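Welcome! Please take a moment to look over the sequence and the 3D structure below, and then read on for a short tour.

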Amino acid sequence: MASQAQRLNWVDMAKGLSILLVVMMHSAYGVGEQTGGTGVLHWIIAFATPFRMPEFFAISGLFLSYVIMRDTKPFADRRVVHYLYFYAVWALIHIMFKVGLGAGDPGAALSSLALAVVEPYGVLWFIYMLAVLSAAAKLLYELRVPHWAALGVGAILQMSSVHIGVSIVDEFAAYFVYFYAGYALAPLMFKLASWVENHTILALLGLGAWALINGALVFSPGFSVLPGHVEMGLAATPGLRLVLALAGTAALCVLATLLTQLAFMDWLRWLGSKSIVVYLAFALPMGVVRTLLLKIGLDDTSIVSVTVMAAAVLLPLVLYGLVQRTGFGSFLFERPAWAHIPGTPGARQTHGRVSRSPAE
């Protein structure tokens, strides 16, 4: 049981690092576009650009093997309908606030809602794609496609830099290989974590070497940091970017395992266990706090972006805590029984109480 808990601890720690990088990127770029400048968070995100989203998808695929062998209906309920429910709830909230209330245009809001069915909305594209990628992995499993073939095709898609203007297709091509790698290579990742527990010094040396190589390739000729995005140097080269993404994913797993040995970092593990909660809810407070800070005259990109990031991480957790305490609004972070496929475990009622599935 102790080894199982430790295994989950480093995964949650990795999720904590992942969600911080995601919120950091949106906070930095959002503020940068408003101020026309760059700050300290831009440089951190620049370093993390090759692996920031790939590792989040890989971590999300780690435990797919635990459910992929289930019959299609329970699998679809747990890995497809589950994510689509939270996507639908939060897409509705985002669109109503940003378009319906913010822009005062109900017609545009309805149009955005209709489009959101086939075109993932805003930052919620990640949740939408988890459902799509899970369904694709299940199909490959049922067709008995070997891992090496799925990974090979995924790698080709990623290196092809597909951009046809349809987000589902473009994002699938960009990230399927990482999600599937998390599933297919999970045993190796858990072995790596176990090795790190007993080889701290070597792990630290390996992390240092990786950081030097990753940084050198990102900040090589051709690199530029702009208010709203980063242009990488050699790290942007097709093929090399794929390698750096996989290496960065392994490095993040190593770092997460090392951090589990530090008691004062347990907050990050806890944050990782609530990473989807933060992901679902961070965009709205991020936008509000950014607007307020800029309106009162703060214009230092670093100070504003760090403050916005802190608020974007903390306020969703405050909301989650209030929901847990009061029971009001539980549908925001827990999938109710009616949102399950009939006949699956979550659709049942136990002792008169409605079963719910948390966002994680």
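## A short tour

Val 89 counts as buried because its relative accessibility is 13%, where buried means under 20% relative accessible area with a 1.4 Å probe and protein chains only. This is a predicted model, in which local features need pLDDT of at least 70, side-chain atom pairs count only at pLDDT 80 or more, and totals for chains, interfaces and linings use all residues. Residues are numbered from 1 along each chain as its sequence is written, and side-chain values use heavy atoms, leaving out hydrogens and water.

Val 89 is part of helix 4 (residues 72-101); helices here are DSSP runs of H or I with at least four residues, numbered from the N terminus. Leaving aside neighbours within four places in sequence, Val 89 is in contact (heavy atoms within 4.5 Å) with Phe 331 and Leu 332. Along the chain, Val 89 and Phe 331 are 242 residues apart, yet 8.4 Å separates their C-alpha atoms.

| Helix | Residues |
|---|---|
| Helix 7 | residues 147-159 |
| Helix 8 | residues 167-184 |

The axes of helix 7 and helix 8, lines fitted to C-alpha atoms over the stretch in contact, come within 7 Å and cross at roughly 150 degrees. That makes the two helices roughly antiparallel, the term for angles over 145 degrees. Among the residues that meet are Ala 150 and Leu 151 in helix 7 and Phe 172 and Tyr 180 in helix 8. The residues of this contact divide into 14 nonpolar, three polar and no charged.

How values were computed: Axes fitted to C-alpha atoms, helices over the stretch in contact; angles between N-to-C directions. Parallel < 35°, antiparallel > 145°, perpendicular 65-115°, else oblique. Nonpolar A, V, L, I, M, F, W, Y, C, P; charged D, E, K, R; others polar. Buried < 20%, exposed > 50% of the residue type's maximum accessible area, 1.4 Å probe, protein only.
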